[in-house]
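This report walks through one protein model for a reader who meets it here for the first time. It takes up strand pairing, then the nonpolar cores, then the aromatic rings.

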Amino acid sequence: MNIFEKEPRIHRDVFVAPSAAVIGDVEIGHGSSIWYGSILRGDVNSIHIGSGTNIQDNSLVHVSRANISGKVLPTIIGSNVTVGHSAVLHACTIEDEAFVGMGATLLDGVVVEKHSMVGAGSLVKQNTRIPSGEVWVGNPAKFLRKLTEEEIAFIAQSATNYINLAQVHAAENAKSFDEIELEKMLRKKYAHKDEEYDSMLGVVREIPPELILPDNILPHNAQKAVAR
């Protein structure tokens with residue numbers, strides 16, 4: 001939705017869930033996803049989101065015209081960032097490949113550096129900087145420990161997982177009511193039964209190729225399935 005003269009700029013392959021709201025001066029890069037119930041409100045300032053980033057369900061991203069120190073504060077979220085469910089991001093900066101846990105709140109002027117993590121439910125106070133490679137948790141959030149190599153790799157994998165999952169949801173949301181009802185009927189008809197039970201009845205069940213998941217619900221295959 002536009003507001004005043006401001007309008008969102010969203011790459012064509014971004015998944016914006018039907019119940020999400022993207023308002024005003026918001027830019028979202030390719031491969032990113034905005035999940036169900038989330039609100040991105042770029043009214044008094046701007047929101048910029050890079051590529052491959054996921055803003056999960058019921059999260060709120062807002063901005064600030066100016067804080068107590070008089071600074072103009074947009075919200076900037078880098079690439080391959082994971083923002084967990086119900087997080088609140090207000091006039092802050094999150095660098096590439098950082099992780100914000102579920103229910104965390106980041107206040108004005110916060111900077112979360114690359115390869116760092118904010119724990120679930122944490123409150124990060126104004127103008128706090130979380131250095132690269134660190135985990136911060138609590139209310140107010142404080143340094144807990146260094147991230148392990150496995151955890152840093154997990155952040156990147158989390159972003160990839162959501163890129164793939166967004167493609168599935170986008171394909172499902174694009175289907176018509178009739179297509180959805182047909183697939184439900186076919187799944188019921190060809191549902192896999194216990195092999196011993198089937199053998200007693202002399203039944204041989206074959207699953208049509210279009211019902212094998214997840215290939216049939218990815219965008220490049222969905223059109224083929226519909227064409228049949």
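Two strands pair if DSSP finds at least two bridges between them, where strands (E, at least two residues) and helices (H or I, at least four residues) are DSSP runs numbered from the N terminus. The model is predicted, so local features need pLDDT of at least 70 and side-chain atom pairs count only at pLDDT 80 or more, while totals for chains, interfaces and linings use all residues. Residues are numbered from 1 along each chain as its sequence is written, and side-chain values use heavy atoms, with hydrogens and water left out.

**Strand pairing**

Strand β5 pairs with β3 in the parallel sense over seven bridges, and within this arrangement I28 has I49 of β5 as its bridge partner. Strand β5 also runs parallel to two further strands, listed here with the bridges and one facing pair of residues for each.

| β7 | 60-62 | two | I39 and L60 |

**Nonpolar cores**

A nonpolar core is a set of buried Ala, Val, Leu, Ile, Met, Phe, Trp, Tyr and Cys residues joined through side-chain atoms within 4.5 Å; buried means under 20% relative accessible area, exposed over 50%, and partly exposed in between, with a 1.4 Å probe and protein chains only. The largest core has 35 residues, of which L40, L89, I94 and L106 touch the most other members. Strands β3 (21-28) and β5 (39-49) and helix α1 (149-173) each supply at least two residues of this core. Apart from it lies another core of six residues, including M117, V135, L147 and I155.

Leaving aside residues up to four places away in sequence, L106 is in contact (heavy atoms within 4.5 Å) with several residues, among them V88, L89, I94, V112 and V124.

**Aromatic rings**

Rings of Phe, Tyr and Trp (its six-membered ring) pair if their centres lie within 6.5 Å, and planes under 30 degrees apart count as stacked, over 60 as edge-to-face and the rest as tilted. The structure holds five aromatic pairs. One of them joins F15 and Y36, which is edge-to-face because the ring centres are 6.1 Å apart and the planes stand at 70°. This pair links distant parts of the chain, with F15 in strand β2 (residues 15-16) and Y36 in the loop between β4 (33-34) and β5, 21 residues apart. F15 counts as buried at 6% relative accessibility, whereas Y36, at 25%, counts as partly exposed. Ring pairs also link F15, W35, Y36 and Y162 into a cluster.
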